[in-house]
Amino acid sequence: DGKDVKFKRVMLKISGEALMGDGQFGLNPPTVERIAREVKSVHDLGVEICMVIGGGNIFRGLQGSAQGMERTTADYMGMLATVMNALAMQSALETLGVFTRVISAIPMDQVCEPYIRRRAVRHLEKKRVCIFAAGTGNPYFTTDTASALRANEMSCEAIFMGKQVDGIYDSDPKKNPDAKRFDRISYDEVFRQNLKVMDASAIALARDNNMPLIVFSLDEPGGFRGILAGEGTYTTVH
Ligand code: UDP
């Protein structure tokens with residue numbers, strides 16, 4: 001098992017909304033557990049796993065500032081939301097017997113570890129899933145950028161972006177039955193066509209460091225593991 005796996009270390013980025021299930025807000029425990037099982041199945045292959053989880057299911061900085069809150073304060077609230085999601089994922093993974101560390105860009109020692117690059121690398125070598133929380137630690141950024149940043153720092157081979165569709169399409173496949181999925185597309189083309197994959201700063205960071213991005217469906221049971229074994233449909237951005 002694991003002999004044919006093409007990746008040794010990967011970053012998995014999921015949005016906070018992925019944890020809502022059918023709800024409109026917050027965390028749906030069965031959904032968190034389901035995703036934790038997908039992560040475990042890849043961990044079982046011996047792949048070293050980094051994770052970044054968004055916060056939009058709890059709080060969005062832009063939404064807060066649109067309602068009159070100071071932008072930076074609202075962004076810090078968004079970052080704190082990602083810490084809650086990370087703790088929920090930690091709990092679900094550890095229930096399944098997968099050892100994890102939550103590593104925050106903003107130190108909060110009683111809750112999780114502070115980010116220290118060499119220490120995080122060591123955790124990965126020891127096969128602990130590293131869940132990077134609090135985004136980049138800076139307002140005006142997103143967890144997409146955090147995933148690109150940490151993926152580079154941790155020398156991941158690719159960023160796996162778990163979505164509700166199995167890749168990047170030329171139009172919304174949920175609205176247009178004729179939408180076409182790209183097998184491969186360049187970062188520059190994603191920019192040119194203004195495809196909604198990651199925000200622009202995240203795309204630039206990944207592109208400038210030759211970090212491939214694999215967009216796949218997290219709704220497909222076994223999909224994450226399948227791609228690591230060379231199966232399934234997805235879009236590679238390179
Ligand atoms: N955020 C931030 N800096 C970061 C990462 C996140 O300020 O480095 C804030 C930002 O306000 C954002 C919120 O945290 O709206 C939630 O993150 P994100 O929007 O990336 O989560 P998603 O929408 O993917 O669930």
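Of the 24 residues around the ligand, those that come nearest are Gly54, Gly56, Gly61, Gly78 and Gly135; a residue counts as near if its C-beta atom, placed from the backbone, lies within 6 Å. The model is predicted, with local features requiring pLDDT of at least 70 and side-chain atom pairs pLDDT 80 or more, while totals for chains, interfaces and linings use all residues. Residues are numbered from 1 along each chain as its sequence is written.

By class, this shell has 7 nonpolar, 13 polar and 4 charged residues, where Ala, Val, Leu, Ile, Met, Phe, Trp, Tyr, Cys and Pro count as nonpolar, Asp, Glu, Lys and Arg as charged, and the others, Gly among them, as polar. At least two shell residues come from each of α2 (61–66), α3 (71–95) and α5 (143–153), and α3 gives the most, with 6 residues. Helices are DSSP runs (H or I) of at least four residues and strands are runs (E) of at least two, numbered from the N terminus.

Helix α5 also packs with α7 (residues 200–208) at about 15 degrees, the axes being 8 Å apart; axes are lines fitted to C-alpha atoms, for helices over the stretch in contact, and angles run from 0 to 180 degrees between N-to-C directions. That makes the two helices α5 and α7 roughly parallel, a term for angles under 35 degrees.

The 9 strands form an open sheet of mixed pairing, in the order β4-β3-β5-β2-β1-β6-β8-β9-β7; two strands pair if DSSP finds at least two bridges between them. Strands β4 (113–114) and β7 (184–185) stand at the edges, each with a single partner strand, so one side of each is left without a neighbour in the sheet.

Terms used. Parallel < 35°, antiparallel > 145°, perpendicular 65-115°, else oblique.
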